[in-house]
Amino acid sequence: MTQARADLLQGTLEMLILKTLQVGEPMHGWGVAVRIQQLSEQVLQVNQGSLYPALHRLEHKGWIRSEWGVSENNRRAKFYRLTALGLRQLGEEHAQWDLFTGAVGRILHAT
Amino acid sequence: MEPLFDRLRGLGLRLRGLFDPDRADRDIQDELSFHLEMEEERLRREGLARTEAHRVARVRFGGEDRYREQTRDSRGTRLVEDGMQDVKFGLRMLAKNPLFTIVAVVTLALGIGANTAIYTVVKSVLLEPLPFEEPDELMLLFTRNDEQNQQKYMVSPMDFDDWRNGNATFDAMSAYWPTTGTVTENDGNPTRVNIVYTTEDYFETLGALPLVGRTFRSDEGPGSAAVAILAYGFWERRFGADPSIVGRTITLDGEPMEVVGVVRPEHTFPASADLWINMTWPMQIQSRFARWMSAVGRLSEHSTIEAAGADMVALAGRIEQENPRTNRGWTVTVTSLKDELVGDTRAALLVLLTATGLVLLIACANVANLLLSRSEARAREIAVRTAFGAGRWRLVRQLLTESLLLSGGGAVLGLGLGWLGVRGLLAVAPVTLPREGAIDLDGGVLAVVLVVSVVTGVLFGLAPIARLVLADIHSAIRDGTRSTRSAGGHRMQNAFVVGQLALALMLVVGAGLLVRSFSNLREVDTGFQADGVLTAELDLPTTVAPNDTAVIDFYDRLRQRIAVLPGVTAVGDAATLPLGEALDYTEPFAMAEREFPPELEPRAFLRPVAAGFFEALRTPVLSGRVFDERDRLDLPGVAVVNEAWVRRYMQGEDPIGERFVGMGFRFGPLGALNKTEWEIVGVVKDVKYDGLRADVAPAIYFPGLQSSLRRRTLVVRHVGDPGALVADMRGALGELSPTVALTDVRTMGDVLAGARSRDRFSTLLLSLFGVVALLLASVGVYGVLAYAVTQRQGEVGIRMALGADRGDVRTMILGDGLRLVLAGLVLGLAGALALSGVLSSQLYGIGARDPGVLASVAGILVAVGLAASLVPAWRATRVDPVVAMRAE
């Protein structure tokens with residue numbers, strides 16, 4: 001049971017990362033973390049560290065790609081960008097998510 | 001296109017992580033550090049103090065180490081990376097202990113190398129199918145006559161014809177007859193060749209296809225023209241593998257003959273064949289007495305070797321009934337071609353395979369023991385690693401990796417040794433090792449070596465694993481530098497050493513028996529003196545000597561010319577050389593004034609030899625005289641018999657003056673005995689012909705001047721350089737005929753060595769294995785005791801402090817060693833007795849359970865065991881009580 005929830009969270013986190021990167025410009029890990037917090041209006045509080053295993057996993061699946069660059073405060077940082085493959089994946093996950101939440105919502109709102 | 005590229009990039013990253021894991025780790029560290037710095041900066045901008053910002057940033061991040069690990073794992077190469085790390089670590093551990101590593105690798109290499117070499121030979125000789133279509137259907141057919149003590153004899157053309165037409169179990173049956181001839185080139189340089197005359201369906205029967213040209217056509221039987229098919233080796237040697245030889249004509253014994261084909265290289269049956277010629281004579285020739293052809297048949301599809309045997313025995317019974325005079329007692333034996341080719345090599349090779357298996361076991365036990373000893377020293381390291389959270393599986397993998405590294409090293413080195421070993425084996429192999437050309441290392445052998453080394457690696461790796469990883473870590477740490485040596489570990493090591501000693505004892509017993517058997521064979525009285533005798537074969541074609549008189553005259557003149565060459569003291573010739581490979585003829589005989597009871601059907605080997613033969617070989621004349629110049633064709637026939645003949649047929653009476661009658665025997669196309677009555681003029685000592693082990697059979701010698709065999713071996717006793725003599729002999733022969741070749745020149749010593757070669761082969765190898773096994777076992781004893789001494793330093797120190805003197809300590813350690821040796825001795829003797837059946841067929845003049853050998857080997861084992869215990873015992877007495885106890 002615990003395992004299943006972890007998987008769900010993990011999968012969800014990956015989808016959120018992809019969505020965050022869809023904006024277009026390359027972002028580093030911290031940027032992604034801050035953006036997720038801002039967009040979710042502080043609702044989603046995840047350990048920031050858990051972002052990195054997910055980022056690396058996504059990169060190895062070929063959904064995002066990374067490049068070392070210079071950050072806004074002139075430091076060496078790793079920037080991530082969505083790939084074409086990742087965009088397609090995001091589309092699929094998005095649809096899945098809508099299907100899922102829609103179904104759950106209908107059940108919860110049923111009287 | 002782009003998605004594919006994205007995937008490839010992912011793969012590239014993984015590979016980079018694999019090949020440069022340090023850099024990948026650094027990158028992850030940098031990335032995480034950057035994140036924490038940014039977070040800290042943001043928090044400070046929000047007004048937190050420096051230390052508070054540092055703390056909160058890390059709390060929000062949530063376990064830097066954990067996420068770093070997880071990030072690394074997410075690369076998906078963890079398993080491989082760990083494996084490489086294991087290998088690196090293993091190599092480092094092995095390099096730290098070079099002596100241990102070298103001993104272990106060399107030990108394994110010896111075991112694996114010996115197995116590779118022997119297995120290669122065994123596989124090629126015993127396991128590979130013959131190079132013929134459906135080889136299991138091929139049978140050899142022999143005649144057999146128990147009354148005359150003939151087990152595997154040849155068949156007459158008339159009988160063969162009846163076999164071929166009357167059987168119900170063979171699809172095809174062919175006859176062949178190996179002989180020799182001379183091929184002459186245009187420059188007049190003659191080459192002796194081994195010819196095999198065959199029935200025209202021979203190659204179809206075997207299912208052997210030609211490489212170039214064709215095999216015999218079905219119309220190339222009796223009455224057709226003779227054509228030749230070349231063996232691959234001969235074609236290569238003599239004609240430079242030129243395919244245009246097909247259709248050309250060669251000159252064989254002065255007769256032109258067309259070459260119609262060349263067979264494939266693997267087709268080497270009979271083994272020595274240089275060329276095959278179709279039999280152009282009808283089978284209804286000569287009498288049923290004339291048994292000189294060999295027969296090979298292919299079983300029909302649903303037949304079996306037993307059915308074929310019964311069928312042929314019934315057929316032979318009918319032939320016997322119709323021809324009681326010629327075929328009384330003659331029946332047929334059917335044996336598989338493969339068994340026949342492999343012959344008694346099988347037993348010898350299986351003995352060697354068993355021996356190498358034992359050596360490998362000993363090597364494994366040794367390495368396991370070495371690892372065990374070392375693992376005691378590493379127990380603390382392992383325990384600490386376990387305490388720090390290294391998983392058990394991870395440790396097992398680490399230890400297994402180390403033993404696999406060792407066995408891998410052993411396998412590589414062993415393969416090299418094995419390759420050398422195969423070369424060495426072939427160099428000392430008996431000339432009769434079957435199918436020698438096919439012996440080489442190949443993929444199958446490599447696969448076996450691979451499996452053997454992995455299995456050995458796992459096997460000897462398991463012992464320390466069981467000891468270490470499953471051991472109780474708490475006691476290991478608590479015990480500190482003292483060993484964790486438990487009773488279990490002790491027992492396991494001791495068991496290994498006892499096992500090694502037992503296996504070594506079994507091997508050395510085998511070697512000892514073979515050595516004794518071999519020395520028995522060396523002392524066998526051959527009936528001749530081999531030193532200083534040169535032999536050479538020649539074969540007179542009909543073009544040089546058209547008839548019997550010409551043959552006799554030619555050999556007489558040749559003998560006279562050789563007799564006057566410098567250094568020659570005696571010269572003779574023989575149709576069959578003692579212990580040589582040529583065929584020996586045995587035939588019935590009748591005597592003028594003597595009737596033999598029918599159950600003692602009188603029969604003897606017929607051996608035409610020229611005057612001078614017995615002098616050249618220094619065979620003692622027991623009574624009467626041997627042949628000389630007087631025994632010419634125009635004078636009465638004379639004969640000499642051997643002791644065995646006198647014993648068997650004379651019941652102690654003096655045979656001299658008795659006469660053989662009705663013995664004008666003709667050896668097929670080879671020649672004849674040219675008298676019909678022969679008076680016995682002398683008796684000679686028994687001479688070994690059919691191997692050194694067999695008893696000498698009754699034989700009658702006939703003078704070379706009264707018999708006309710075309711193929712003879714010259715026997716020349718000489719002093720001085722044999723090389724010069726051979727040149728002189730060639731010169732003498734050349735003056736008589738430029739087209740006859742002198743071949744197979746060897747000393748009688750070589751002939752004798754050839755007869756001993758198979759025994760020498762087994763003896764040499766098994767002795768070698770015995771020595772290796774003994775060496776390995778003594779290393780094992782030494783290792784265990786030496787280790788025990790270091791482990792027991794404290795105890796020894798206390799004993800000495802309490803007043804034990806050095807002698808007591810020495811006795812204690814030696815006693816430990818002796819107990820191991822004695823246990824190994826008992827076990828090994830039991831094993832040797834149990835395995836005695838394996839070796840008994842290889843022994844001569846000694847039983848497989850010879851008490852003398854068992855006792856002396858036991859003595860050797862005890863001596864070696866004690867010697868191996870001496871150094872550790874001496875070291876124990878060097879222990880300084882104060883130092884030893886302080887170390888506690």
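This is a dialogue on how terms are applied to a predicted model.

Mentor: The model is predicted: local features need pLDDT of at least 70, side-chain atom pairs count only at pLDDT 80 or more, and totals for chains, interfaces and linings use all residues. Residues are numbered from 1 along each chain as its sequence is written, while chains are lettered from A and ligands numbered from 1 in the order in which they are written.

Trainee: What makes Val196(B) buried?

Mentor: A residue is buried if 20 or more other C-beta atoms lie within 10 Å of its own, exposed if 12 or fewer, and partly exposed in between, with C-beta atoms placed from the backbone. Val196(B) has 20 such neighbours, so it counts as buried. In chain B, 42% of the 888 residues are buried.

Trainee: Where does Val196(B) lie?

Mentor: In strand β4 of chain B, residues 190-198. Strands (E, at least two residues) and helices (H or I, at least four) are DSSP runs, numbered from the N terminus. Chain B has 27 helices and 23 strands.

Trainee: Which residues is Val196(B) in contact with, leaving aside its neighbours within four places in sequence?

Mentor: Contact needs C-beta atoms, placed from the backbone, within 7 Å. The partners are Tyr176(B), Trp177(B), Pro178(B), Pro270(B), Ala273(B) and Trp276(B). Ala273(B) is 77 residues away in sequence, yet its C-alpha is 6.2 Å from that of Val196(B). Across chain B, among contacts with a separation of 6 or more, 84% join residues 24 or more positions apart.

Trainee: Why are α7(B) and α10(B) called oblique?

Mentor: Start with the axes, which are lines fitted to C-alpha atoms, for helices over the stretch in contact; angles run from 0 to 180 degrees between N-to-C directions. Helix α7 (residues 157-166) and helix α10 (residues 305-322) of chain B cross at roughly 130°, and their axes come within 10 Å. Under 35 degrees is roughly parallel, over 145 roughly antiparallel, 65 to 115 roughly perpendicular, and the rest oblique. α7(B) and α10(B) are therefore oblique.

Trainee: Which residues make that contact?

Mentor: α7(B) supplies Asp159(B), Asp162(B), Trp163(B) and Gly166(B), and α10(B) supplies Met312(B), Leu315(B) and Ile319(B). They divide into four nonpolar, one polar and two charged. Ala, Val, Leu, Ile, Met, Phe, Trp, Tyr, Cys and Pro count as nonpolar, Asp, Glu, Lys and Arg as charged, and the others, Gly among them, as polar.

Trainee: How do Leu579(B) and Arg618(B) stand, buried or partly exposed?

Mentor: Leu579(B) has 21 C-beta neighbours inside 10 Å, so it is buried. Arg618(B) has 16 within 10 Å, so it is partly exposed. Neither is a glycine, but phi is positive at about 60° for Leu579(B) and about 55° for Arg618(B). Leu579(B) lies in the loop between β13 (568-574) and β14 (585-588) of chain B. Arg618(B) sits between α19 (613-617) and β17 (621-624).

Trainee: How do you know that β2 and β3 of chain A pair?

Mentor: Pairing takes at least two DSSP bridges between two strands. Seven bridges join β2 (residues 64-70) to β3 (residues 76-82) of chain A, and the strands run antiparallel. Val70(A) stands opposite Arg76(A), and Gly69(A) opposite Ala77(A). Five residues lie between the strands of this hairpin, where Asn74(A) has a positive phi near 65°.

Trainee: What makes β1 and β2 of chain A edge strands?

Mentor: The open sheet of three strands has the order β1-β3-β2, with antiparallel pairing. β1 (27-28) and β2 each have a single partner strand, so one side of each is left without a neighbour in the sheet.

Note on methods
Contact = placed C-beta atoms within 7 Å.
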